[in-house]
Amino acid sequence: MKNQCSVCFRHCSPVEGETGFCRARTMKDGKMICTNYGKLTAVALDPIEKKPLRRFYPGSMILSVGSYGCNLHCPFCQNNEISMITPQEAKTRFVTPQELAGLALELRDRNNIGIAFTYNEALIGYEYVRDTARLVHKNGMKNVIVTNGTASLEVLEELKPYIDAMNIDLKSFRSDYYRDVLGGDLAMTKAFIAEAARFCHIEITTLIVPGENDTEEEIRAITSWIASLKNGKGHDIPLHITRFFPRYQMTDRPATEISKIYRLLSIAREKLDYVFPGNC
């Protein structure tokens with residue numbers, strides 16, 4: 001449909017001057033444009049393991065940047081201060097792709113391998129990711145995306161030549177959980193993961209929320225599906241099983257029991273070669 005955003009399943013079509021659900025794409029002159037382009041809310045040099053990536057240049061550092069906005073509404077979001085705010089509320093600093101790629105290069109002597117687009121949902125501003133990542137590659141450095149995976153394959157196709165690794169959330173294996181709790185789309189996320197696995201290093205994160213997605217049956221479903229990727233060789237895709245803490249709008253339950261995380265780890269290892277605990 002004309003005048004409709006094609007980044008994710010929502011297909012927002014706001015009136016002129018208004019933003020879509022993600023708060024980072026706006027209707028201007030009858031077209032949806034990225035309005036958080038280059039507007040950074042967070043910049044930090046992080047260990048690669050914080051992304052989390054455990055099997056991609058372990059022991060290295062990576063320049064990590066984020067903007068504002070997200071196309072999901074997870075009630076337990078740990079970065080809600082930037083992902084859930086409006087453009088008017090965001091405290092940003094404008095950094096061009098050239099400036100950011102240059103900063104990454106300057107930090108090479110501090111063991112920096114490139115740039116990670118993270119903190120908020122990077123793909124709602126994929127144009128900035130694409131333009132910056134292209135320059136980073138020209139400098140011989142790496143590009144990482146940390147994402148909820150709720151984006152179209154057309155977006156992924158534009159980024160494909162420039163992305164070296166991703167950590168992608170697979171928050172559940174139930175469509176109702178994605179729809180009712182997160183405001184998301186499981187089918188789109190699965191398609192995104194399956195395609196990303198074909199061209200770059202990926203690792204997957206599942207946050208275990210007590211009473212929501214913490215059953216052994218669901219972990220078995222998740223790990224069986226991951227193992228089936230890449231023509232049945234997905235057993236070597238790392239999975240991070242991560243502990244929930246009460247945050248944002250979900251403070252009605254305690255943190256996930258550590259014993260539960262380790263039980264689910266043991267189940268995941270029945271199908272996958274690399275399984276790691278998170279937040280424990």
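Contact, as used here, means heavy atoms within 4.5 Å. Helices (H or I, at least four residues) and strands (E, at least two) are DSSP runs, numbered from the N terminus. This is a predicted model, in which local features need pLDDT of at least 70 and side-chain atom pairs count only at pLDDT 80 or more, while totals for chains, interfaces and linings use all residues. Residues are numbered from 1 along each chain as its sequence is written, and side-chain values use heavy atoms, with hydrogens and water left out.

**Two helices in contact**

Pro97, Gln98, Leu100 and Ala101 of helix H2 meet Tyr128, Asp131, Thr132, Leu135 and Val136 of helix H3. By class, six nonpolar, two polar and one charged residues make up this contact. Here Ala, Val, Leu, Ile, Met, Phe, Trp, Tyr, Cys and Pro count as nonpolar, Asp, Glu, Lys and Arg as charged, and the others, Gly among them, as polar. H2 covers residues 97–106 and H3 residues 126–138; their axes come within 9 Å and cross at roughly 45 degrees. That makes H2 oblique to H3. Angles under 35 degrees count as roughly parallel, over 145 as roughly antiparallel, 65 to 115 as roughly perpendicular and the rest as oblique. Axes are lines fitted to C-alpha atoms, for helices over the stretch in contact, and angles run from 0 to 180 degrees between N-to-C directions.

**The sheet**

An open sheet of eight strands has the order S4-S5-S7-S8-S9-S10-S11-S12, with mixed pairing. Strands S4 (42–47) and S12 (275–278) are at the edges with a single partner strand each, so one side of each has no neighbour in the sheet. On average, neighbouring strands of this sheet are turned by 20 degrees against each other, direction ignored. Two strands pair if DSSP finds at least two bridges between them.

| Strands | Sense | Bridges |
|---|---|---|
| S4 and S5 | antiparallel | six bridges |
| S5 and S7 | parallel | four bridges |
| S8 and S9 | parallel | four bridges |
| S10 and S11 | parallel | five bridges |

Met61 in S5 is the bridge partner of Pro47, and Asn112 in S7 is the bridge partner of Met61. Further along the sheet, Ile145 has Met166 of S9 as its bridge partner, and Thr205 has His240 of S11.

**Covered strands and helices**

Buried means under 20% relative accessible area, exposed over 50%, and partly exposed in between (1.4 Å probe, protein chains only). Five of the six residues of S5 (residues 61–66) are buried. In S9, five of the five residues are buried, so the strand is largely enclosed by the rest of the structure. Ala165, Asn167 and Asp169 point one way from S9, and Met166 and Ile168 the other way. In a regular strand the side chains alternate between the two faces of the sheet.

Helix H6 (residues 186–196) packs on the sheet and touches S8, S9 and S10; its direction makes about 160 degrees with that of S9. Helix H7 (residues 216–232) has buried residues Glu218, Ile219, Ile222, Thr223, Trp225, Ile226, Ala227 and Leu229. Their cover includes H6, S10, S11 and helix H8 (258–268).

Arg263 lies in H8 and is partly exposed, with a relative accessible area of 39%. Not counting residues up to four places away in sequence, Arg263 touches Glu216 and Arg220. The C-alpha atoms of Arg263 and Gly114 are separated by 35 Å, and the two residues are 149 residues apart along the chain.
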